[in-house]
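Student: I would like to learn how to read the strands and helices of a model with some care. Could you take me through the features one at a time, giving the general idea before the case at hand?

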Amino acid sequence: MPKESLFRSLNSRWIVGEGPDTDVVVTSRIRLARNLRSYPFPHLLSEKVAREMLKQIENLLTLGSSKGDWGRLDFFRMADISSLDRLVLVEKHLISPDLARSQHAGAAVLISDDEAISIMLNEEDHLRIQCLFPGFQLEECWKLTSSVDDLLESNLEYAFDRDYGYLTACPTNLGTGLRASVMVHLPGLVMTQQIGGVLTAISQVGLVVRGLYGEGSEATGNLYQISNQITLGPSEEEILQNLGAVIRQLVEKERAARQALLKSNPLALEDRICRSYGILTNARLLSSQEAMRLLSDVRLGHALNIVPKVTNRVQNELLVLIQPGMMQRVANEKMTEQTRDFRRAALVRQKLSG
Amino acid sequence: MLCEECQKRPATVHYTKVVNNKKTEYHLCEQCARDKGELDLSFGFDPGFSIHNLLAGLLDMAQPQPEKVTSSSNKCPNCGLSYAQFSQNGRLGCGDCYAAFKSQLEPLLRRIQGTSVHSGKVPERQGGALRLERQISKLSRELEQAVEREEYEQAAKLRDQIRALRRRLPKSEGGGE
């Protein structure tokens, strides 16, 4: 039985935890794609075999989790939870939109107590091991992901080739199976109109830029996800070093842009941030687009000590709380768009007034 | 294949439209597709256009000579996926597909990954010898650097480590443990 709190609470490690460079970097995420040897990949896997595989992995992990220091892992089959609950897991970045949509009998997820580890089963690959940390900490994130991988590997026969590395359903993940992504908040670069050039430069060094919810989502609230494109050839460490080096530069550029804005017209910047804060604390109807835009200003305001009261935790909570799935789940009712906008405004007012 | 619209850029977006039971095929470049409103990049969670469609387009380009890929005869012996099925949805059927379709996959892999061989993590269970080889070549590089820097004490240490590892390698190549 799924535990209720997972779908209502906002206690994910990335939401409540502390991390380095949180003035610009929201989260760091590592994902490893793994498949079991000789089984067909999920899209060709029969229901019967898929179920056997689930049992095997569930047993392995619930037994094995005592060996790691990550505590208990809870297991949910997609078929056993409502579509609204799946949406909430997407909004909390614990599963992908693809897994949430999946009709596959073997589609499932294991989630750790602190929600830092989630292991998707039978998404595009048999296993997608993911760790999500607050702030800029790719190294720590990789260590944890790799140790979960090691535990799984000590009991499962992975599909691996000495030249091609870990074999994946889609050739874009072949090799390390590693996708590392860092979510950054770049209002300074957007306001100073440097963002286009920066993003172009990033795509020229083998990295990809995506929106808030990964593949195929748009960038709202000046939030961008930057991740590695190439998975075959460079080692995991090299991939992380390359991404890390670019992110470090990006962080510096964003900070410089903010200082430039502050210097050129401090009053205008302060006015903009305080207006946004004013709307958020007073509005009666808020669309999710508008809320994301205004929250971006407030996030910037917090980083620049203009609205110091709004902590990182509150900002991260709001990022999830104003999404349609979470709002309906918390209110425990289905809502029309208009009631959603009304509820959203009320939630934001309540959160910001503490 | 060039884009039907602009005749300048390569066509990377391929789709079929059915209007009043009339089927029309389109081959456009990304830009023209976007201009025509056919390439919806505003998504939400709609899976309409995915990486797999794009891959299928790349495969078309990577396969100028069709005589090699004569349809159904080319199947993976383990899972039964045909190459035609792969080029349709951009997903392989199982790990063995990589060996079964190696010659066709190589050009695609070069395109999306660059020409490369895996140099990262190796599973402990299957990769015993490979792990050792990797470790040896890493230490050998360090040894060269140590010699260049004239750090002979360090070089001697590395040489001994390499020797010890070499002794643990299985006698015959690919002999496993």
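Student: How many of the residues of strand 2 of chain A are buried?

Tutor: A residue is called buried under 20% relative accessible area, exposed over 50%, and partly exposed in between, with a 1.4 Å probe and protein chains only. In this predicted model, strand 2 (residues 73-77) of chain A is mostly covered, with five of its five residues buried. Strands here are DSSP runs of E with at least two residues, helices are runs of H or I with at least four, and both are numbered from the N terminus.

Student: Which residues of strand 2 of chain A lie on one side and which on the other?

Tutor: In a regular strand the side chains alternate between the two faces of the sheet. In strand 2 of chain A, one side carries A:Leu73, A:Phe75 and A:Arg77 and the other A:Asp74 and A:Phe76, and since these residues are all buried, both faces are covered.

Student: Before we go on, what conventions lie behind the numbering and the values?

Tutor: Residues are numbered from 1 along each chain as its sequence is written, while chains are lettered from A and ligands numbered from 1 in the order in which they are written. Because the model is predicted, local features need pLDDT of at least 70 and side-chain atom pairs count only at pLDDT 80 or more, whereas totals for chains, interfaces and linings use all residues, and side-chain values use heavy atoms, with hydrogens and water left out.

Student: In what order do the eight strands of the open sheet in chain A come?

Tutor: Two strands pair if DSSP finds at least two bridges between them. In chain A, eight strands form an open sheet in the order 2-3-4-5-1-8-10-9, with antiparallel pairing. Its edge strands, each pairing on one side only, are strand 2 and strand 9 (207-210) of chain A, and the twist from one strand to the next averages 20°.

Student: How many bridges join strand 2 of chain A to strand 3 of chain A?

Tutor: Strand 2 of chain A and strand 3 (residues 108-112) of chain A run antiparallel and are joined by five bridges, and A:Phe76 has A:Val109 in strand 3 as its bridge partner.

Student: With which strands does strand 1 of chain A pair?

Tutor: Strand 1 (residues 25-34) of chain A is joined by seven bridges to strand 8 (residues 178-185) of chain A, and the two run antiparallel; in strand 8 of chain A, A:Met183 is the bridge partner of A:Thr27 and A:Ala180 that of A:Ile30. Strand 1 of chain A also pairs with strand 5 (residues 127-134) of chain A, in the antiparallel sense over eight bridges, where A:Arg34 has A:Leu127 as its bridge partner. Nine of the 10 residues of strand 1 of chain A are buried, so this strand is largely enclosed by the rest of the structure.

Student: What can be said of strand 10 of chain A?

Tutor: Strand 10 (residues 223-228) of chain A is mostly covered, six of its six residues being buried; A:Leu223, A:Gln225 and A:Ser227 point one way, and A:Tyr224, A:Ile226 and A:Asn228 the other way. Strand 10 of chain A pairs in the antiparallel sense with strand 8 of chain A over five bridges, A:His185 standing opposite A:Leu223. Strand 9 of chain A and strand 10 of chain A likewise pair in the antiparallel sense, over four bridges, with A:Val208 opposite A:Ser227.

Student: At what angle do helix 4 and helix 13 of chain A pack?

Tutor: Axes are lines fitted to C-alpha atoms, for helices over the stretch in contact, and angles run from 0 to 180 degrees between N-to-C directions. Helix 4 (residues 83-91) of chain A packs against helix 13 (residues 324-331) of chain A at an angle of about 125°, with the axes 8 Å apart. The two helices are therefore oblique to each other, given that angles under 35 degrees count as roughly parallel, over 145 as roughly antiparallel, 65 to 115 as roughly perpendicular and the rest as oblique.

Student: Which pattern does chain B follow along the sequence?

Tutor: Chain B has seven helices and two strands, and along the sequence its pattern is β-β-α-α-α-α-α-α-α. Buried residues make up 32% of the 177 residues in chain B.
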